[in-house]
Amino acid sequence: MHDSGTLAEHLEALERELLTPTARRSERADRLLAEDFLEFGTSGRTCTKADMVMALRNEAPTRITATDFQLKQLGPDIALLTYRSCRYAERPVHALRSSIWRHVDGQWRMVFHQGTPAAP
């Protein structure tokens, strides 16, 4: 159903958008996260969609970079996207990240995300 190159580019663009302060503090984050969204964060906490949307709206804007994106299509309408991130605060915080995206009603929404602390 989806060309893997085009899908990889599309999901990378959505993931990068979610890393921007503008998307994180707006309704856009709410629209990109599925209703059954779940996150295992780098802090060790588990977050639902409601938890995440509230946390994103209240966080201080910060620069986050992302590299090394890789896509694995798990089925016709579900895909795993992995990458490395670095959040720049008092000190850089590096993480390995994985997101599961599901295609429903004509759009891709994130259903799961995990961040694991990583060495630079």
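Me: Which residue forms a salt bridge with Arg-16, and how far apart are the closest N and O atoms?
Reply: The partner is Glu-12, with the closest N and O atoms 2.9 Å apart. A salt bridge here is a side-chain nitrogen of Lys or Arg within 4 Å of a carboxyl oxygen of Asp or Glu. This is a predicted model, in which local features need pLDDT of at least 70, side-chain atom pairs count only at pLDDT 80 or more, and totals for chains, interfaces and linings use all residues. Residues are numbered from 1 along each chain as its sequence is written, and side-chain values use heavy atoms, with hydrogens and water left out.

Me: Where do Arg-16 and Glu-12 lie?
Reply: Both are in helix 1, 4 residues apart, about one turn of the helix. Helices (H or I, at least four residues) and strands (E, at least two) are DSSP runs, numbered from the N terminus.

Me: Is Arg-16 buried, exposed or partly exposed?
Reply: Arg-16 counts as partly exposed because its relative accessibility is 36%. Buried means under 20% relative accessible area, exposed over 50%, and partly exposed in between (1.4 Å probe, protein chains only). Glu-12, at 25%, also counts as partly exposed.

Me: How many salt bridges does the rule give?
Reply: The count comes to 8 salt bridges. One of them pairs Lys-49 with Glu-35, with the closest N and O atoms 2.7 Å apart. That pair links distant parts of the chain, as Lys-49 is in helix 4 and Glu-35 in strand 1, 14 residues apart. Lys-49 is buried at 6% relative accessible area, whereas Glu-35 is exposed at 64%.

Me: And what does Arg-87 meet in a salt bridge?
Reply: Its side chain meets that of Glu-59 (3.8 Å, N to O). Arg-87 lies in strand 4 and Glu-59 in the loop between helix 4 and strand 3, so the pair ties together parts that are 28 residues apart in sequence. Salt bridges that share partners join Arg-24, Glu-59 and Arg-87 into one network.

Me: Changing topic, how much space lies in the largest pocket?
Reply: About 640 Å³. Of its 25 lining residues, the closest to the centre are Arg-24, Glu-39, Met-52, Arg-87 and Arg-97. On a 1 Å grid over the protein atoms alone, a pocket is an open set of points where a 1.4 Å probe fits, with protein on both sides within 12 Å along at least five of seven lines; lining residues have an atom within 4 Å of a point. The volume is the space filled by probe spheres set on the points, which are joined across faces, edges and corners.

Me: What about the nonpolar core: how many residues are in the largest one?
Reply: The largest has 22 residues, and those with the most contacts inside it are Leu-11, Leu-18, Leu-33, Trp-101 and Trp-108. Such a core is a set of buried Ala, Val, Leu, Ile, Met, Phe, Trp, Tyr and Cys residues joined through side-chain atoms within 4.5 Å. Helix 1 supplies the largest share, 4 residues.

Me: Which residues does Leu-11 contact, neighbours within four places aside?
Reply: Leu-11 is in contact (heavy atoms within 4.5 Å) with Leu-71, Ala-79, Leu-81, Trp-101 and Trp-108.

Me: Last topic: what is the phi of Asp-105?
Reply: Asp-105 has a positive phi of about 50 degrees although it is not a glycine. Most residues other than glycine have a negative phi. Asp-105 is in the loop between strand 5 and strand 6 and counts as exposed at 77% relative accessibility. Asp-68, in strand 3, also has a positive phi, near 60 degrees.
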